[in-house]
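Reader: I would like to learn how to read annotations, helix packing and backbone geometry from a model. Please show me the structure and go through it by feature.

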Amino acid sequence: MISTISPKKFFQSADFPDFDNWQSELAAAISDLDELHRLLDLPAPEAADTPKHFGLRVPHAFIQKMQKSDPLDPLLLQVLPSPAERLAVEGYSTDPLAENHQNPIKGLLHKYRSRVLLTITGACAVHCRYCFRQHFDYAANQPSSREISAVTEYISAHPELDEVIFSGGDPLSVNHKFLSLWLDKIADIPHIHTVRLHTRLPVVLPNRIDDELLSLFANYPKKIVMVLHINHANEIDEALIKKCQALRAANVVLLNQTVLLKGINDDAEVLSKLSHALFAAGIMPYYLHVLDKVAGAAHFDLPIKQAVGIYWQLLERLSGYLVPKLVQELPNRPYKTPVNLHLLDDD
């Protein structure tokens with residue numbers, strides 16, 4: 001059931017420390033379940049049930065967007081470990097997209113003909129409990145600064161490529177020097193026209209979008225596209241809106257992808273509000289993803305026909321430019337697969 005508690009209980013400035021920079025704010029992300037409950041005025045949790053390989057991690061800035069005293073807050077549910085994660089469910093695996101078979105060299109995934117994805121880091125500012133890469137072996141796939149040349153040589157040897165996607169982990173969780181190193185190497189490859197960054201940092205840690213990063217983007221010779229990951233309108237606040245304005249002023253194209261999540265945004269009204277909030281912030285709705293079937297996240301999934309039913313309601317409610325594409329990513333497909341919108345006709 002989606003929470004509708006109101007009015008919102010606001011945090012006080014004294015509830016959270018001041019940070020000198022985004023790195024210190026990132027390092028101070030909450031990883032203790034008791035501390036998270038204390039900050040949100042929630043009862044102490046029962047015995048901790050957080051998987052060791054994928055612990056609790058959430059920055060203070062994202063916690064401040066949550067509703068205090070609400071155990072069903074839609075932002076909290078995205079990051080709160082659940083005993084359901086330990087249940088083995090048939091059809092859900094540790095490698096739901098078969099990425100281990102699309103990994104020709106360390107740090108590079110080549111699933112699609114015209115673009116490659118780089119896992120430049122395994123670090124994230126926040127651990128979303130439905131993450132499809134929560135079991136990914138980053139230790140074996142994260143190239144060091146010395147190994148970047150192997151990646152760029154691969155890209156240079158494939159002229160059919162025109163776009164490079166920076167992912168991870170979250171590519172904005174690395175420091176400016178390391179990100180610049182990667183971007184400079186890609187800038188030297190003539191057939192690459194676009195660099196895309198998939199990131200949650202501006203949402204959960206807006207201070208990451210600092211002047212140094214904005215200057216890097218504004219002066220970069222390739223087109224920069226940033227795909228944000230926002231699942232609920234409550235994630236969009238004034239801090240994010242201001243950072244999006246600055247990014248657009250730096251010539252960054254802003255898109256959003258949303259994951260359809262049971263109990264969080266599996267409702268046409270909730271998703272409609274999200275699309276309107278995105279557009280008002282200068283972000284175009286891009287994808288609405290059916291959940292990737294990753295082990296530990298089955299409790300977030302919903303039947304495909306229910307997803308289609310919600311989507312038809314969105315088509316009825318929203319202007320076409322506000323409707324994201326309903327897709328699912330299936331293993332060993334060289335593209336994202338559009339969901340069949342006529343599944344309901346079979347009933």
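Reading the model

Author: In the unreviewed UniProt entry, the annotation "domain: Radical SAM core" covers residues 110–325. UniProt positions are given in the numbering used here, feature names are shortened, and annotations may be inferred rather than shown by experiment. This is a predicted model, in which local features need pLDDT of at least 70 and side-chain atom pairs count only at pLDDT 80 or more, while totals for chains, interfaces and linings use all residues. Residues are numbered from 1 along each chain as its sequence is written, and side-chain values use heavy atoms, with hydrogens and water left out.

Reader: What are the helix and strand percentages over residues 110–325?

Author: Helices (H or I, at least four residues) and strands (E, at least two) are DSSP runs, numbered from the N terminus. Over residues 110–325 the chain is 33% helix and 19% strand, with 22 Å between the end C-alpha atoms.

Reader: Which residues does the "binding site" annotation cover?

Author: The unreviewed UniProt entry gives Cys-124, Cys-128 and Cys-131. The lining of the largest pocket includes Cys-124, Cys-128 and Cys-131. A pocket is found on a 1 Å grid over the protein atoms alone: it is an open set of points where a 1.4 Å probe fits, with protein on both sides within 12 Å along at least five of seven lines, and lining residues have an atom within 4 Å of a point. Cys-124 sits in the loop between strand 2 (115–119) and helix 5 (148–156).

Reader: Where is the "modified residue" feature, and what does Lys-336 touch?

Author: UniProt, in an unreviewed entry, places "modified residue: N6-(pyridoxal phosphate)lysine" at Lys-336. Lys-336 lies in the loop between strand 8 (325–328) and strand 9 (337–338). Contact means heavy atoms within 4.5 Å. Not counting residues up to four places away in sequence, Lys-336 touches Tyr-112, Tyr-287, His-289, Val-327, Gln-328 and Glu-329.

Reader: How should I read a pair of packed helices, such as helix 5 and helix 6?

Author: Two packed helices are described by the angle between their axes and the distance between the axes. Axes are lines fitted to C-alpha atoms, for helices over the stretch in contact, and angles run from 0 to 180 degrees between N-to-C directions. Helix 5 and helix 6 (residues 176–187) pack at about 30°, with axes 10 Å apart. That makes helix 5 roughly parallel to helix 6 (angles under 35 degrees count as roughly parallel, over 145 as roughly antiparallel, 65 to 115 as roughly perpendicular and the rest as oblique). Ile-148, Val-151, Thr-152 and Ile-155 of helix 5 meet Phe-178, Leu-181, Trp-182, Lys-185 and Ile-186 of helix 6. The residues of this contact divide into seven nonpolar, one polar and one charged. Here Ala, Val, Leu, Ile, Met, Phe, Trp, Tyr, Cys and Pro count as nonpolar, Asp, Glu, Lys and Arg as charged, and the others, Gly among them, as polar.

Reader: At what angle do helix 10 and helix 11 pack?

Author: Helix 10 (residues 268–280) and helix 11 (residues 304–317) pack at about 50°, their axes 9 Å apart. The two, helix 10 and helix 11, are therefore oblique to each other. Ala-268, Glu-269, Leu-271 and Ser-272 of helix 10 make the contact with Ile-310, Gln-313, Leu-314 and Arg-317 of helix 11.

Reader: Which peptide bond is cis, and which residue has a positive phi although it is not a glycine?

Author: Most residues other than glycine have a negative phi, and most peptide bonds are trans. A cis peptide bond joins Gly-168 and Gly-169, with omega about 25°. Gly-169 is in the loop between strand 3 (163–167) and helix 6. Asp-41 has a positive phi of about 55°, and Asp-41 is in the loop between helix 2 (33–39) and helix 3 (60–63).
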